[in-house]
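I opened the model today to look up a few things and write them down. The entries follow in the order I made them.

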Amino acid sequence: MKTLTVAAPCVLVILCFCSSSESATALDLLHDTAVSWTGKLPCGDWDCECAFGRQRGCCCVAKPLFGLEEATFKRLIGVWEGLSHLNSQIEEVTAGCQIAFTASVLPVTACLGPFTSNVSISYQSVSLNQGSGYNPALGTFTAPRAGLYSFAFTAYSKVGDVDRLYQKLQLMKDGQLIASSWEDNREDSEDSSTQMVLLQLRRGSQVYVELQSGRQLCGDTQSYNTFSGYLIYPITEE
């Protein structure tokens, strides 16, 4: 029994030595085979020092992979710069497209008019004026940029039993009559109407609503008389 106990460590030492020798022999064989290889290697030049001296994290395609990674990163930077430039261009174009306004007359119990000449109506109660195209003091919209616009106005009037409805409002573009709304009768004491038009405007064109001479608007205590407009899409001027 004592002889077996002493012999066991000796056997283990011999096995480890043999195993180490076999591993070294296999590695040397692989090294010699790679060095003596005369054909074309699967992945280009074989770096023997790298493959057999520093195997951890070493690969014959590491350099191409690193190059691909760097090239991909540079392309991503280029794509990001392109998108940033495109976003700036979109913001520059769309920033001027936010044009819209809506306004109404201030509440009155008396009548506006009649006057001896046509008078532009001042819609002084402004609830929206994107693009700052509408001037409430003059009641005039000046187009900040060329484009197709939509405009609408409502004419409302209320008179007593002894008076008659006698009103006429006109939508004007640069002094040209575009649309109108009128009423002339003794049967109704209250009436309203709305007109909507599409207009192609140049930058600086002016649109407004005027009360025709000799006519009047009365009894608008709820600010029903309104004027509004907005840009549908811009147009490039030649």
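I began with Ala-152 and looked for its bridge partner in S13, which is Ser-228. The model is predicted, so I took local features only at pLDDT of at least 70 and side-chain atom pairs only at pLDDT 80 or more, while totals for chains, interfaces and linings use all residues. Residues are numbered from 1 along each chain as its sequence is written, and side-chain values use heavy atoms, with hydrogens and water left out.

Next I checked the two strands as a whole. Strand S7 (residues 147-158) and strand S13 (residues 226-234) are joined by eight bridges and run antiparallel. I count two strands as paired if DSSP finds at least two bridges between them. Helices (H or I, at least four residues) and strands (E, at least two) are DSSP runs, numbered from the N terminus.

Which sheet holds these strands? I found an open sheet of five strands in the order S4-S1-S13-S7-S10, with antiparallel pairing. Strand S4 (125-130) and strand S10 (190-201) are the edges, each pairing on one side only. From one strand to the next, the twist averages 10°. For such angles, axes are lines fitted to C-alpha atoms (for helices over the stretch in contact), and angles run from 0 to 180 degrees between N-to-C directions.

I then turned to S1 (residues 100-104), where four of the five residues are buried. Buried means under 20% relative accessible area, exposed over 50%, and partly exposed in between (1.4 Å probe, protein chains only). S1 has five bridges to S4, antiparallel, and five to S13, also antiparallel. What are the bridge partners of Ser-104? In S4 the partner is Ser-125, and in S13 it is Thr-226.

Gln-212 was my next stop, in the loop between strand S11 (206-211) and strand S12 (217-218). Which residues does Gln-212 touch, not counting those up to four places away in sequence? I noted Asn-118, Lys-168 and Gln-170, where contact means heavy atoms within 4.5 Å. Gln-212 and Asn-118 are 94 residues apart in sequence, yet their C-alpha atoms are 4.5 Å apart in space.

How many salt bridges does a search of the whole structure find? I got one, counting a side-chain nitrogen of Lys or Arg within 4 Å of a carboxyl oxygen of Asp or Glu. Glu-70 and Lys-74 form it, with the closest N and O atoms 3.6 Å apart. Side chains of opposite charge can pair when their charged atoms come close. Both residues lie in helix H3, four residues apart, or about one turn of the helix. Glu-70 counts as partly exposed because its relative accessibility is 46%, whereas Lys-74 is exposed, at 53%.

Helix H3 (residues 62-95) also contains Ile-90. I put Ile-90 down as partly exposed because its relative accessibility is 44%. Together with Val-79, Leu-83 and Leu-86, Ile-90 makes a nonpolar surface patch of about 360 Å². Patches are made of residues with over 30% relative accessible area and no salt bridge; like charges are joined within 9 Å, nonpolar side chains (Val, Leu, Ile, Met, Phe, Trp, Tyr) within 5 Å.

I left the totals for last. The protein has three helices and 13 strands, and 28% of its 238 residues are buried. Of the contacts with a separation of 6 or more, 72% are between residues 24 or more positions apart.

Note on methods:
Accessible areas come from the Shrake-Rupley method with a 1.4 Å probe; for residues, only the protein chains shown count as cover.
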